[in-house]
Amino acid sequence: MITDEQLREAFLPPAMLSYFEQKLPEVPPGEVLVRVEETLKFLNMATHLSGDIPVTREIDDVWHLWILETRAYFELCDALHGRTYIHHMSNVYARAAGQDAGAPGDDGSDAWLGHQVAALAAYVANYGDFAPDRVRYWRFAASLIDERGMSLDRLNAWLRGGQAAAPAALNGSAAR
């Protein structure tokens, strides 16, 4: 398991945390840290995920802020699990440019559900159970709780139980 502390030590220079706190003055500092840590988890898994991003707008906003600091973002991408630059392109732009947006969009299909479940299972395999203050940032996990009535304990047990397989490339990956 990769802890939040390990993520911070490996990928979050103090200057970047200060930057995020200054760019998000309306967000309490402790919550800024949670959002940054969830962004790091997403980005560390991103090279193994496909389709629509599985995180909420708040996490996407942190990603956008990081991208604006191009040198720091490049260094982050180079240090993450995939060691490759993680591009950001919206599905709207991809369609406008005549490109396939990639994996299935949010259409409820079996393929889309499989991608969403794999992302959540990879999260649990790499970072441990979803915590109450973090699950809301992962869209499909939050919808299972809020819309389908699944408890957080049941969600975590289901994802740990092997019924939701994580991509093999992510199992055992570690922060560097």
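Which residues have the most contacts inside the largest nonpolar core? In this predicted model, local features need pLDDT of at least 70 and side-chain atom pairs count only at pLDDT 80 or more, while totals for chains, interfaces and linings use all residues. Residues are numbered from 1 along each chain as its sequence is written, and side-chain values use heavy atoms, with hydrogens and water left out.

The largest nonpolar core holds 50 residues, and Phe20, Trp66, Phe130, Trp138 and Leu155 have the most contacts inside it. Such a core is a set of buried Ala, Val, Leu, Ile, Met, Phe, Trp, Tyr and Cys residues joined through side-chain atoms within 4.5 Å; buried means under 20% relative accessible area and exposed over 50%, with a 1.4 Å probe and protein chains only. Helix α7 (110-127) gives the most to this core, with 9 residues. Helices here are DSSP runs (H or I, at least four residues), numbered from the N terminus.

Helix α2 (residues 14-23) buries Met16, Leu17, Tyr19 and Phe20. These buried residues fall within an arc of 155 degrees seen down the axis of α2, so they line one face of the helix; the arc is taken from the directions from the helix axis to the C-beta atoms. Pro14, Ala15 and Gln22, on the other side of α2, are exposed. Leaving aside neighbours within four places in sequence, Phe20 is in contact (heavy atoms within 4.5 Å) with Leu12, Val32, Val36, Val62, Leu65 and Trp66.

Turning to helix α3 (residues 29-45), Arg35 is found there and counts as buried at 15% relative accessibility.

Definitions and conventions
Helix = DSSP H or I, 4+ residues; strand = E, 2+ residues; numbered from the N terminus.
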